[in-house]
Amino acid sequence: MPESVTTEPHRIREIRVTPVAFRDLPLLNVVGVHEPFALRAIIEIVTDSGLVGLGETYGDAGHLDRLRLAAAQLIDVDVWDVNEIARRVQVTLAADTSKTGHGMSGMVTGSSTADRVLSPFEVACLDIQGHAIGRPVSDLLGGAVRDRVDYSAYLFYKWAGHPGAEEDHWGAALAPDQLVAQARRMIDEYGFSAIKLKGGVFPPDEEIEAIRALRRAFPDHPLRIDPNGAWTVRTSIRVGKELDGVLEYLEDPTPGVDGMAEVAREVSMPLATNMCVVAFDHVKPAVAQDAVGVVLSDHHFWGGLGRSRVLAGICDTFGLGLSMHSNSHLGISLAAMTHLAAATPNLSYACDTHWPWKAADEDVVVPGALRFEQGAVPVPTGPGLGVELDRDALARLHEQYLSSGIRERDDTGYMRRAQPDFDPTAPRW
Ligand SMILES: O=C([O-])[C@@H](O)[C@@H](O)[C@H](O)[C@@H](O)C(=O)[O-]
Ligand SMILES: [Mg+2]
């Protein structure tokens with residue numbers, strides 16, 4: 001065996017779970033509005049060989065408890081033994097049937113608790129594996145089939161600023177012309193070549209008008225709208241027919257597989273989802289009913305990068321398209337998403353990202369490794385995820401978490417402070 005090859009295990013000596021908060025803007029959605037800070041948890045796995053791997057996940061209190069519970073069971077496991085790590089997470093959380101505290105504000109329900117908890121540990125192990133052999137994570141996933149990953153311009157209706165605060169640098173977006181201006185600015189800054197509108201905020205006809213305005217302003221950009229299940233089956237069919245030939249896909253128009261299947265039978269464009277197919281046991285019924293044409297994968301709730309590639313294989317087998325979902329996130333997640341998308345041949349749509357909504361000066365990774373060029377992130381080529389933890393920034397964002405007082409994402413509660421009778425029930429129209 002050549003001397004450079006080592007077969008030594010890299011055993012987990014310590015796992016640090018650090019909740020952080022970063023500034024967020026008042027982005028509107030079907031369940032309410034984003035609070036002034038978004039929460040994440042940063043995972044550091046330290047091995048007995050002195051390597052450190054990074055992961056990032058939701059930061060809600062219930063999820064933090066589960067992360068810490070599982071972390072305690074992973075000491076001494078070799079980071080190459082991800083199956084054993086998955087088994088231990090599964091066993092630790094077997095009795096945990098609570099669906100709360102997952103950090104997705106009610107818009108992604110029914111995802112597997114064990115997969116959500118496993119995800120950041122698996123990513124951190126892959127980061128360490130990559131460092132151990134000097135190869136990027138995309139190589140560990142089978143090799144990058146593209147050297148840059150396309151992301152979409154993720155538009156939100158939004159207030160001008162948080163209540164009681166000054167107008168923020170994006171300003172209000174409550175009408176079609178303001179959304180067009182938002183898209184223009186985001187595309188000028190990042191170069192995105194596809195556009196997604198978060199809908200479910202205003203009556204459907206207003207949102208149809210917004211999509212039409214975007215189509216006029218950006219005739220060549222694929223367009224998507226995602227009302228997070230805000231519409232009845234009937235409304236979804238009407239909107240789908242009105243936007244025939246305009247949308248690349250229609251994302252979660254109505255809740256549940258049965259409703260989606262009814263809509264899918266009547267509209268021409270594919271239906272996409274990150275709401276009714278969010279765990280492996282949802283795939284079979286959705287396929288049986290032909291309910292969705294595109295699955296929005298998300299390694300944060302599908303159990304990490306390896307299991308997301310399993311999902312990609314399933315989508316390929318059943319002829320389903322594959323795109324990628326996002327929530328408010330920092331650079332470790334962006335790096336993981338980029339490696340995964342790079343190594344997934346059938347991920348053929350521009351991925352979602354909330355990145356433009358994050359303040360440029362707030363992240364836990366050292367700047368430089370991740371950048372947008374013409375709407376895409378070049379796949380990091382350094383070892384592991386290719387990003388480095390900025391410890392001062394981590395400490396700062398942790399302090400911000402402590403002082404923010406926010407412990408759970410609560411878009412509805414925050415909305416009700418401004419509008420006490422706000423009702424998040426969906427479908428609404
Ligand atoms: O950030 C938001 O408000 C989004 O609505 C997010 O929470 C959703 O999970 C997501 O982006 C989606 O595509 O449903
Ligand atoms: Mg969605």
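Biologist: Of the 132 residues in the largest nonpolar core, which touch the most other members?

Modeller: V292 and I332 do. A nonpolar core is a set of buried Ala, Val, Leu, Ile, Met, Phe, Trp, Tyr and Cys residues joined through C-beta atoms within 7 Å. Buried means that 20 or more other C-beta atoms, placed from the backbone, lie within 10 Å of a residue's own; 12 or fewer is exposed, and in between is partly exposed.

Biologist: How should I read the numbering and the model?

Modeller: Residues are numbered from 1 along each chain as its sequence is written, with chains lettered from A and ligands numbered from 1 in the order in which they are written. This is a predicted model, where local features need pLDDT of at least 70 and side-chain atom pairs count only at pLDDT 80 or more, while totals for chains, interfaces and linings use all residues.

Biologist: Which residues does I332 touch?

Modeller: Contact means C-beta atoms, placed from the backbone, within 7 Å. Leaving out residues up to four places away in sequence, I332 touches I42, L54, G55, E56, V364, V365, L385 and V387.

Biologist: Which domains does the assignment give?

Modeller: Bounds come from an automatic or database domain assignment. Here that gives domain 1 (12-135 + 393-404) and domain 2 (139-387). Their C-alpha centres lie 22 Å apart, and 45 residues of domain 1 are in contact with 45 residues of domain 2. Helix α3 supplies twelve residues, the largest share of the side of domain 1 that touches domain 2.

Biologist: How are α3 and α11 placed?

Modeller: Helices are DSSP runs (H or I, at least four residues), numbered from the N terminus, and strands are runs of E of at least two. Axes are lines fitted to C-alpha atoms, for helices over the stretch in contact, and angles run from 0 to 180 degrees between N-to-C directions. Helix α3 (residues 113-133) packs against α11 (residues 305-317) at about 110°, with axes 8 Å apart. The two helices are therefore roughly perpendicular (65 to 115 degrees; under 35 is roughly parallel, over 145 roughly antiparallel, the rest oblique). D115, E122, V123 and L126 of α3 meet L305, G306 and R307 of α11.

Biologist: Is D76 buried or exposed?

Modeller: D76 has 10 C-beta neighbours inside 10 Å, so it counts as exposed. D76 lies in the loop between α1 (61-72) and α2 (82-93), and its phi is positive, about 85°, although D76 is not a glycine.

Technical notes
Two residues are in contact if their C-beta atoms, placed from the backbone, lie within 7 Å.
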